[in-house]
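User: Hello! I would like to learn how to read a protein model feature by feature. Could you guide me through this one?

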Amino acid sequence: IRKMVEQGRIWIPEYSSNYQFKESDLSNHTWLNFDDDELKLTSLVDLRWFPNLYFLHIWDASQISDFSPIWEFSDQLLRLSINGSRGANLSGVATMNALESLDLDDNQLTDLSILGNHPNLIQIYIVGNFLDLGDQSVLQKIENFSNQIYNKRNQLGWWWYSDDAVEDRKSTRLNSSHLVIS
């Protein structure tokens, strides 16, 4: 966290190199984006200092072994990205009740049983995993999410846009290394 403050990614007005963080310094931050190669996370225990977290993006989770601090935000995280965990236990994703966007790229997933049910989901990315697209249970889960996302977007009733989709378009693109439901 200190490195992010030093880089200006988290603003604390009175910050200096020997500053002692206070709970109030971080309690109003709603997002964290760990996308810097120099910020190799090894632990997520400091997430407790961000009680109002809604967006969490970890672009290189290869050094993290315990993701359980994330699951404490199960009723509030709207967007979650965990990339590159290299086979870690991500089963807590199933408990994330508020998710609208889920990005689990490059985590060496071999099945989708950890995903659970996410009624608010309008986006899912699971690129670069080891899914067997010949497995009917994997294909059924993909189809279920595709239908759910399509219906949720239609239910929202407003123009929904991302890099991959606009409202009223349903697509599932599959090949051996890439899956995006949009």
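Analyst: Helices and strands here are DSSP runs, helices being H or I with at least four residues and strands being E with at least two, numbered from the N terminus. Please note that this is a predicted model, where local features need pLDDT of at least 70, side-chain atom pairs count only at pLDDT 80 or more, and totals for chains, interfaces and linings use all residues. Residues are numbered from 1 along each chain as its sequence is written, and side-chain values use heavy atoms, with hydrogens and water left out.

User: Where does N129 sit among these elements?

Analyst: N129 is in the loop that joins β5 (123-125) to α4.

User: Is N129 buried or exposed?

Analyst: The general idea comes first: buried means under 20% relative accessible area, exposed means over 50%, and partly exposed is in between, using a 1.4 Å probe and protein chains only. N129 is buried, because its relative accessibility is 5%.

User: What lies by the side chain of N129?

Analyst: Here we look for polar contacts: pairs of N or O atoms within 3.5 Å, where, within protein, one must be able to donate a hydrogen and the other to accept it, and residues adjacent in sequence count only if both atoms are side-chain atoms. A polar atom of the N129 side chain is 3.0 Å from the backbone oxygen of L104. The backbone oxygen of I126 is 3.1 Å from a polar atom of that side chain.

User: How many helices and strands does the protein have?

Analyst: There are four helices and seven strands. Their order along the sequence is α-α-β-β-α-β-β-β-α-β-β. Of the 182 residues, 43% are buried.

User: What is a nonpolar core, and which residues touch the most other members of the largest one?

Analyst: A nonpolar core is a set of buried Ala, Val, Leu, Ile, Met, Phe, Trp, Tyr and Cys residues joined through side-chain atoms within 4.5 Å. The largest such core has 43 residues, and L56, I70, L80 and L104 touch the most other members. Two or more residues come from each of α1 (2-6), β1, β2, α3 (68-71), β3 and α4 (136-156). The top contributor is α4, which gives four residues.

User: Which residues is I70 in contact with?

Analyst: Contact means heavy atoms within 4.5 Å. Apart from neighbours within four places in sequence, I70 is in contact with L44, L47, L56, I58, L77, L80, I82 and M96. You can read S81 the same way. S81 belongs to strand β3 (residues 79-82) and is buried, with a relative accessible area of 4%. Beyond its neighbours within four places, S81 is in contact with L56, H57, I58, W59 and D103.

User: How is a pocket found, and which residues lie nearest the centre of the largest pocket?

Analyst: On a 1 Å grid over the protein atoms alone, a pocket is an open set of points where a 1.4 Å probe fits, with protein on both sides within 12 Å along at least five of seven lines; lining residues have an atom within 4 Å of a point. The largest pocket has 12 lining residues, and I1, F34, L41, S43 and D46 lie nearest its centre.
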